[in-house]
Amino acid sequence: MDSYTLKTIAHIHSNFPEKFGIPRQSGLVEELHADIIFEPEFRNPDTLRGLEDYSHIWLIWGFSESIREDWSPTVRPPRLGGNRRMGVFSTRSPFRPNALGLSCVRLTGIEITSELGPVLHVSGADLMHGTPIFDIKPYLPFVDSHPEASEGFGGSFKDYILKVDCPQKWLELIPECHKSALLAVLAQDPRPSYQHDPDRIYGMKYAGIEVKFHVNGNTLYVDKIEPA
């Protein structure tokens, strides 16, 4: 069997210190901002020449927290309640023969710094802080966009969103620069899709704070916010 070695060219710096709460797909929460910091070997600004002309980029990255020694030909997608098995190649499950992820994000800026070299500012990323990035490619709308494409079982959840009930006393504890992003993440329903206990309290860490919440029906109720 052929094998290849991938070089980590960069890591992402995001506000998600752990997997729980990260949107299930890129672009679902455009308010999320992150930085891509290159490894020293790849900090030559020439590698990014021309990238400023693109609004979106593809990130090829590694599921660094979901690596298993073996893999299964079928997986249980959380969006199907965790009970129905689908072929691994018909899902975006992290448990794959090669633990690679693919995300399309908006490129909001390129900054040349004296300490870290070029830094990419992006929005809409669905990556945990420290995730290794193996490659970056420009998004080309005329070949990458297919509005007529069939959506499979994933399309049935595209309009799913929760109402977020966050009392004012907790809202005031969220830094203004993170407020809209955090509320949008909560609206995406961070819970595992197979958990529906209305009395269960969940905890999600984001941008230095921890949000305690529960979900009843189509509403997410914020119970407490405290430093993470």
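I took contact to mean heavy atoms within 4.5 Å. The model is predicted, so I held to its cut-offs: local features need pLDDT of at least 70, side-chain atom pairs count only at pLDDT 80 or more, and totals for chains, interfaces and linings use all residues. Residues are numbered from 1 along each chain as its sequence is written, and side-chain values use heavy atoms, with hydrogens and water left out.

**Entry 1: domains**

I looked up the domain assignment, whose bounds come from an automatic or database source. Domain 1 is 10–63 + 99–144, and domain 2 is 158–227. Their centres, taken over C-alpha atoms, are 25 Å apart. I found 12 residues of domain 1 in contact with 18 residues of domain 2.

**Entry 2: the interface**

I then looked up buried area, the accessible area (1.4 Å probe) that two parts lose on being put together, summed over both. Domains 1 and 2 bury about 1,300 Å² between them, with 61% of it on carbon and sulfur atoms. In domain 1, Asn-15, Phe-20 and Arg-24 lose the most area to domain 2, together 45% of what that side buries. I sorted residues by class: Ala, Val, Leu, Ile, Met, Phe, Trp, Tyr, Cys and Pro are nonpolar, Asp, Glu, Lys and Arg charged, and the others, Gly among them, polar. The side of domain 1 that touches domain 2 has 7 nonpolar, 2 polar and 3 charged residues.

**Entry 3: the cavity**

I searched a 1 Å grid over the protein atoms alone for cavities, sets of points where a 1.4 Å probe fits but cannot get out; lining residues have an atom within 4 Å of a point. Points are joined across faces, edges and corners, and a volume is the space filled by probe spheres set on them. I found 1 cavity of 30 Å³ or more. The largest cavity has a volume of about 60 Å³. Its lining includes Asn-15, His-33 and Tyr-206. By class, that lining has 6 nonpolar, 3 polar and no charged residues.

Methods. 1 Å grid on protein atoms, 1.4 Å probe; cavity = no way out; pocket = protein on both sides within 12 Å on 5 of 7 lines; lining within 4 Å.
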